[in-house]
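This report describes selected features of one protein model. Please keep the sequence and the structure in view while reading.

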Amino acid sequence: MQATTIKKLLLLFVATFMLIISHASSLRFQYINSHNFTTKTSASATSSSSAAAHRSRNPSLALVHRDAITGATYPSRRHAVVDRVARDNARAEYLVRRLSPTDLGSEVVSGLDEGSGEYFVRVGVGSPPTEQYLVVDSGSDVIWVQCKPCLQCYAQADPLFDPASSTTFSGVSCGSAICRMLSSSGCGDAGRCRYEVSYGDGSYTEGVLALETLTFGGTAVEGVAIGCGHRNRGLFVGAAGLLGLGWGPMSLVGQLSGAAGGAFSYCLASRGAGSSADAGSLILGRSEAVPEGAVWVPLVRNPQAPSFYYVGLLGIGVGDERLPLEAGLFQLSDVGAGGVVMDTGTAVTRLPQEAYAALRDAFAGAVGALPRAPAMSLLDTCYDLSGYTSVRVPTVSLYFDEGATLTLPARNLLVEVDGGIYCLAFAPSSSGLSILGNVQQEGIQITVDSANGFIGFGPNTC
């Protein structure tokens, strides 16, 4: 290929690498540079985000990937992807069990030990604030941290929070209204409210419920109900606890409905497999979290699993063709089965078998004679692009309720699993549940307006 042609293809790649969010989309194919498929967020971008938090009353926090906290290193990109896929499988299977009608209403409310915990934020707990890394979980409500005295604790990156050293720590009585909001609570010493959260594999956290000041990017928020865990068990990858951002009343958004306007937004920075330097952002507060120009999609409430954010997906398109799928394939049933849930803890989007097979076949047909590569675990549609400077691939469009369309560029479709080997980042679900994973969310500003029941895509990217 001549140098001029290569240059034109690279320019076309730069010009067409954009997110399309609208009620009609015309971009159907893209050229991608197989030697420069991912970008990294610079340290200066992370620093400016932190500085903005101090200037604003609505906090903006850096979202940090777990590998940056654990210090995990891998001998190769393939080893990093294998590890990520293993966590991903565990998380997806957890959600399938958690959100199946037979398990709905159980006390299993999250899946930290089962593959979630991909993104962390830095939060100050108490007064003066003790900085702690907390896992961001959009499918959980209870906020908790490990506390001294710790009768049973797992290893974490930061020193344990000591409630005795905080001037704002205040225990909650077991007869209070907020204690009664917990799905599992009881009375402890001196009438203190006790909480317990159990996980699917036997992991758990238990302790006392308290009101405490949390500091987000320089903004102090008083009187937040948190769990102070004195007995905790599980592989929580170095985090001190969990920041629940679910749709329930005990989540951070639920508790701050007035102050935060019932809204938050996040942007997961695009990253290569095994990269630990990238950071995204989490913004709390309606005035800055809710952007102008976003495309809004109604949230769907599942009464059987009220913490989770479901969306109404009507269909999928590949290139310029809408896939011929059965009507209602993605619909949430009356008993809480199926549906499409947004999840930051799952990497690869899961689709019902029929939808995945149609997407896979249409994508393979559109890329033509690109050389195939062996499957890697659940990633069964892979290509060897090591001999190419640029390749032409189709976009994938998601068609939502009320005519909204989200057209994903190539970076949100393929993941590099080894040098020059790329795989389609979709997989079949073991049930009728669909999960919109974080690979497809990366680089897109996503706004959750839980107060009004909408989720927004764009208009910004990161």
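## The annotated site

The structure is a predicted model. In an unreviewed entry, UniProt lists Asp137 and Asp343 under "active site". Although these positions are spread over 207 residues of sequence, they cluster in space, with a largest C-alpha distance of 8.2 Å.

Asp137 belongs to strand β5, which covers residues 130–137. Asp343 is found in the loop between β19 (340–342) and β20 (349–351). Are these two residues buried or exposed? A residue counts as buried when its relative accessible area is under 20%. Asp137 has a relative accessible area of 2% and is therefore buried. The value for Asp343 is 1%, so Asp343 is buried as well.

## Strand β4 and its partners

Strand β4 comprises residues 119–125 and is mostly covered, since six of its seven residues are buried. Which strands pair with β4? Strand β3 (residues 60–65) pairs with β4 in the antiparallel sense over two bridges. Within this pairing, His65 has Tyr119 of β4 as its bridge partner.

Strand β5, the strand that holds Asp137, is also antiparallel to β4, and six bridges join β4 and β5. Here Val123 stands opposite Gln132 of β5. The two strands β4 and β5 form a hairpin with four residues between them, and in the turn Gly126 has a positive phi of about 90°. Strand β10 (residues 204–216) pairs with β4 in the antiparallel sense over two bridges. In that case Gly124 stands opposite Thr215 of β10.

## Aromatic pairs

A pair of aromatic rings is described by the distance between the centres and the angle between the planes. By the rule applied here, the model contains six aromatic pairs. One of them is formed by Phe161 and Phe169, whose ring centres are 6.5 Å apart. Why is this pair called tilted? Planes under 30 degrees apart count as stacked and those over 60 as edge-to-face, with the rest counted as tilted. The planes of Phe161 and Phe169 stand at 50°, so the pair is tilted. Phe161 counts as buried, at 0% relative accessibility, whereas Phe169 counts as partly exposed, at 22%.

Phe400 and Phe457 form an aromatic pair that is stacked, with 5.5 Å from centre to centre and 20° between the planes. Phe400 lies in strand β24 (residues 396–400) and Phe457 in strand β31 (residues 454–461), so this pair ties together parts that are 57 residues apart in sequence. Phe400 counts as buried, at 4% relative accessibility, and Phe457 also counts as buried, at 2%.

## An aromatic cluster and charges over rings

Terms used
Residues numbered from 1 in each chain as written. Predicted model: local features only at pLDDT ≥ 70, side-chain atom pairs only at ≥ 80, totals over all residues. Heavy atoms only, no water. UniProt positions renumbered as here; feature names shortened; annotations may be inferred. Buried < 20%, exposed > 50% of the residue type's maximum accessible area, 1.4 Å probe, protein only. Pairing = 2+ DSSP bridges.
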